[in-house]
Amino acid sequence: MRGHLRRLVTAFVRQANIGAGLRWKLSAAIALVGALVAVALSLVVHNAARVSMLDNARDLADERIMIAQRNYELSGRLNFPNTKIDDPQLPAELRAKVEEGRRATYVADRGGAPDIWAAVPLKNGHVMSLHSGFTDRSSDILKDLDQALWIGSVATVIGGCALGVLIGGHLSRRLRKAATAANRVAGGETGVRVRDAIGGVVRDETDDLASAVDAMADALRQRLEAERRVTADIAHELRTPVTGLLTAAELLPPGRPTELVQDRARAMRTLVEDVLEVARLDSASERAELQDILLGEFVARRVAAKDPDAVVRVVHESEVTTDPRRLERVLFNLLANAARHGAPPVEVTVEGRVVRVRDHGPGFPEELLAEGPSRFRTGSADRAGRGHGLGLTIAAGQARVLGARLTFRNVRPPGAPHDTPPEGAAAVLWLPEHAPTNTGSYPVLGQ
């Protein structure tokens with residue numbers, strides 16, 4: 001069940017692992033949007049202010065040209081500043097409109113400073129024009145406005161960054177809490193709820209996701225528990241007829257057919273016992289019966305009895321508190337797996353509280369290294385074909401009861417790339433420093 005739950009929450013945990021960069025991504029996004037909005041508003045405000053000032057300047061020029069026209073028609077001479085008759089510098093566009101008999105104004109942008117023109121046709125057929133520039137006061141107002149807009153844009157970007165960091169940090173913390181709780185669920189802690197671990201008063205999409213993960217974990221847990229019960233019931237019901245079949249086979253007359261029947265009956269009984277053991281381990285009801293033993297001496301004696309050809313090396317002897325029966329079960333299953341799927345010589349090394357079982361075969365399949373042992377899966381074609389795939393599953397389950405950690409790796413030459421064919425497989429059992437108090441506990445052990 002632990003392996004299924006781990007795969008269930010893997011995707012959720014992977015999404016939660018983006019928390020380290022989430023606040024900065026969100027901050028950058030808000031800052032970018034804020035910068036774009038600030039630039040757009042600044043351009044709109046600047047252009048609107050400039051157009052408004054130019055319109056006011058054109059209206060003022062139009063009023064002045066009207067006053068200058070009345071004075072000229074009354075006195076016959078120019079008495080208004082910046083006015084001329086038939087000015088050769090008069091813009092062609094403005095001259096064309098005046099020749100149509102209309103009074104008009106015109107803005108000419110020369111060198112960045114706009115020029116304001118106003119012209120009116122006279123009764124004698126000439127054209128009176130007035131030329132003035134954009135006032136310094138108007139230019140100063142635009143400069144001050146641009147400066148204020150620039151300061152406001154910078155403040156908006158900085159505020160957006162700060163807001164993004166705050167929002168992203170809050171979301172990141174919630175995701176990290178959810179990831180931690182999901183990992184605990186994947187580790188077999190059935191009482192952990194991802195939604196409760198997140199906490200908070202305001203609900204958001206993170207709460208919905210956490211609730212969905214809790215619901216999926218509950219549904220999967222119930223389904224696996226139902227499957228475990230069915231498997232245990234079937235194996236239990238098979239135990240009696242299989243025992244009877246084996247007893248009957250022993251009464252058959254000697255011969256090759258009898259040997260085949262007895263061999264298959266013993267294999268079926270072993271399979272039924274293994275299935276029952278897996279079901280008991282999955283129920284998390286097993287408890288270790290602890291004794292103090294010398295680990296190196298214990299392993300050497302058991303290996304010699306199981307596989308005399310295996311090489312045992314005790315690097316450092318240590319006294320451990322563990323369950324000898326379960327430790328023997330783990331050791332025998334590892335030796336059987338090495339003998340069945342690996343190649344000789346099989347080497348067993350004891351160093352302190354660590355026991356290593358290594359063969360020189362094709363190595364473990366990648367699926368086992370990535371996901372751990374799985375029942376009824378014997379691995380790749382190079383390391384499969386015999387057995388039911390329950391040996392390593394039972395070894396891992398018994399290791400959990402002991403509070404130990406069982407790891408698997410392939411042995412390659414030092415510095416060799418990952419795609420180099422392995423020179424063997426190694427299973428490493430890490431016994432805890434202290435006696436186990438809970439089934440399924442995982443001690444923190446260094447290599």
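**Figure 1. Strands E1 and E4 pair in the antiparallel sense over three bridges.** The model shown here and in the other figures is predicted. Strand E1 covers residues 83-85, and strand E4 covers residues 127-133. Which residue of E4 is the bridge partner of Thr 83? The partner is Leu 130. Strand E4 is mostly covered, as five of its seven residues are buried. In a regular strand, side chains alternate between the two faces of the sheet.

**Figure 2. The largest nonpolar core of the protein has 32 residues.** Which members touch the most other members of this core? They are Val 299, Leu 334 and Leu 429. At least two residues each come from helix H8 (295-306), helix H9 (324-341) and helix H11 (391-401). Strands E8 (347-351), E9 (354-358), E10 (405-411) and E11 (424-430) also supply at least two residues each. Helix H9 gives the most to this core, with six residues.

**Figure 3. Val 299 is shown with its contacts from elsewhere in the sequence.** Neighbours within four places in sequence are left aside. The remaining contacts of Val 299 are Leu 331, Val 348, Val 350 and Val 355.

**Figure 4. Helix H11 is mostly covered.** How many of the 11 residues in H11 are buried? The count is 10. The buried residues of H11 include Leu 392, Thr 393, Ile 394, Ala 395 and Ala 396. Further along H11, Gly 397, Gln 398, Ala 399, Arg 400 and Val 401 are buried too. Just after the helix, Gly 403 takes a positive phi of about 75°.

**Figure 5. A nonpolar patch on the surface is formed by Trp 150, Ile 151, Val 154 and Ile 158.** Together these four residues have about 430 Å² of accessible area. Ile 151 lies in helix H4, which spans residues 136-186. An α-helix has 3.6 residues a turn, so residues three or four places apart point the same way.

**Figure 6. Gly 159 of helix H4 is shown with Ala 31.** These two residues are 128 residues apart in sequence. How far apart are they in space, C-alpha to C-alpha? The distance is 7.8 Å. Gly 159 is partly exposed because its relative accessible area is 36%.

**Figure 7. Phe 364 is found in the loop between strand E9 and helix H10 (366-371).** Is Phe 364 buried or exposed? Phe 364 counts as buried because its relative accessibility is 6%, and the cut-off for buried is under 20%. Phe 408 is 44 residues away from Phe 364 along the chain. The C-alpha atoms of Phe 364 and Phe 408 are separated by 7.7 Å.

**Figure 8. The whole protein has 11 helices and 11 strands.** Of its 447 residues, 37% are buried. The accessible surface comes to about 25200 Å², and carbon and sulfur atoms account for 56% of that surface. Among contacts between residues at least 6 apart in sequence, 65% join residues at least 24 apart.

Methods
Residues numbered from 1 in each chain as written. Predicted model: local features only at pLDDT ≥ 70, side-chain atom pairs only at ≥ 80, totals over all residues. Heavy atoms only, no water. Core = buried A, V, L, I, M, F, W, Y, C linked by side-chain atoms within 4.5 Å. Buried < 20%, exposed > 50% of the residue type's maximum accessible area, 1.4 Å probe, protein only. Helix = DSSP H or I, 4+ residues; strand = E, 2+ residues; numbered from the N terminus. Contact = heavy atoms within 4.5 Å. Patch = residues over 30% accessible without salt bridge, like charges linked within 9 Å, V, L, I, M, F, W, Y side chains within 5 Å. Areas by Shrake-Rupley, 256 points an atom, 1.4 Å probe, with all protein chains shown as cover. Salt bridge = Lys/Arg side-chain N within 4 Å of Asp/Glu carboxyl O. Pairing = 2+ DSSP bridges.
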